[in-house]
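Good morning, and thank you for coming. Please look at the sequence and the model as I show them, and follow along as I speak.

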Amino acid sequence: MQREPPVPRDLDAFQGRVREVYRDHYRPMEWRADPAPYKVFISEIMLQQTQVPRVMRLFPLFLARFPGFGELANASFADILQAWTGLGYNRRARYLQEAACLVRDRHGGVLPREVETLRTLPGVGAATAGSIAAFAYNVPAIFIETNIRRVFIHHFFPDRREVHDREILPLVEQSLDRENPREWYWALMDYGALLARSGDNPNRRSRSYVRQNSFRGSDRQLRGMVLRHLVDHGSIAAEDIPAYGAAEGFPPVRVEAVLKRLEDEGFLQRTETGAIVLRR
DNA sequence: GTCCCGTAGC
DNA sequence: GCTACGGGAC
């Protein structure tokens, strides 16, 4: 038997509340002041898994270095990774450049506006495609990300656990301001960010909530160390590889395993002397 | 130590 | 469905 989805009895009241919060808690951001497609695109990729304050710090530096899709597509990967330092999840830096190449080669240098087309870009999933369409082009896309999820769980599922995104999506659709989706989604996200800071995080009652393993001692930590080292120093000599990471307690076998995976993923290469360098 | 944040690949 | 993937704030 299908569970009856909770109906927003007073959608007007909900929308009113969202707008009220928005007026009081609007967060100014460079990519909001000027929602040019390139700025929106870069900011949304950065904002995957990375909080707004950190993105705000690094975004202007990245934009100064790579002002548009052409410059990003033509840049060396080492330069991009350098500008990415501090944001984490470095695969995004690779997707970003691959996407820039696709925009240049397949879309005439113009970021597509259709959600389905945006979704074909590497590193762009449902949430990012919807965000880009809404923010860059004011398209009334229907999507869920963490802030939106928080607002709807808080408002419409106060006593529920394990709330599925399937249950939330119809409410997003019904409440969307189709006249001005850009502004509406900014409002939802600012409201969600406010809820995150005030006590319990409603997203822990989402079906999709998962706790992550600790960072210290993880492969993620080791990968981060290796890439950071290569960005700062250019290479790791062959004879230094076995002892690399020893200070943080990583045995040589783990270092080798992580290097191999980074190589397979296209982050780095080995030279004739067996040294490790970033991909050309 | 705990938390936060989407995508890809399986 | 599940898991890998950073790095900083608290």
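Let me begin with a question: does Phe41 count as buried or exposed? At 0% relative accessibility, Phe41 counts as buried. In this talk, buried means under 20% relative accessible area, exposed means over 50%, and partly exposed lies in between, with a 1.4 Å probe and protein chains only.

Two remarks on how to read the model. This is a predicted model, in which local features need pLDDT of at least 70 and side-chain atom pairs count only at pLDDT 80 or more, while totals for chains, interfaces and linings use all residues. Residues are numbered from 1 along each chain as its sequence is written, chains are lettered from A and ligands numbered from 1 in the order in which they are written, and side-chain values use heavy atoms, with hydrogens and water left out.

The structure holds 13 aromatic pairs. Rings of Phe, Tyr and Trp (its six-membered ring) pair if their centres lie within 6.5 Å; planes under 30 degrees apart count as stacked, over 60 as edge-to-face and the rest as tilted. Phe41 and Phe69 form a tilted pair, with 5.6 Å from centre to centre and 50° between the planes. Phe41 lies in helix 3 (residues 37–47) and Phe69 in helix 5 (residues 69–74), so the pair ties together parts that are 28 residues apart in sequence. Helices here are DSSP runs of H or I with at least four residues, numbered from the N terminus.

Other rings deserve a look. One aromatic cluster is formed by Phe14, Phe152, Phe156 and Trp184. There are also charges over rings, which requires NZ of Lys or CZ of Arg within 6 Å of the ring centre and within 35 degrees of the ring normal. The charged end of Arg94 sits over the ring of Phe267, 4.9 Å from its centre. Arg279 lies over the face of Phe77, at 4.5 Å from the ring centre.

Now to the DNA. A residue is near a strand if one of its heavy atoms lies within 4 Å of it.

A polar side-chain atom of Arg204 lies 3.1 Å from a phosphate oxygen of DNA strand B. For Glu145, a polar side-chain atom is 3.4 Å from a phosphate oxygen of DNA strand B. Val124 uses its backbone: one of its N or O atoms there lies 3.4 Å from a phosphate oxygen of DNA strand B. The elements giving two or more residues to the surface near DNA strand B are helix 9 (126–137) and helix 10 (146–156). Helix 9 gives the most, with 3 residues.

What of DNA strand C? It is surrounded by 16 residues, the closest being Gln49, Gln212, Arg220, Arg223 and Arg261. A polar side-chain atom of Arg223 lies 2.6 Å from a phosphate oxygen of DNA strand C. A backbone N or O atom of Asn90 is 2.9 Å from a phosphate oxygen of DNA strand C. A base is reached too: an N or O atom in the side chain of Arg54 is 3.1 Å from a base nitrogen of DNA strand C. Helix 13 (residues 219–233) supplies the largest share of the surface near DNA strand C, 4 residues.

Asn138, in the loop between helix 9 and helix 10, has a positive phi of about 60° although it is not a glycine. Asn138 is partly exposed, with a relative accessible area of 25%. Glu162 lies in the loop between helix 10 and helix 11 (165–175), and its phi is near 55°, a positive value in a residue other than glycine. At 42% relative accessibility, Glu162 also counts as partly exposed.

Technical notes: A polar contact is a pair of N or O atoms within 3.5 Å; within protein, one must be able to donate a hydrogen and the other to accept it, and residues adjacent in sequence count only if both atoms are side-chain atoms.
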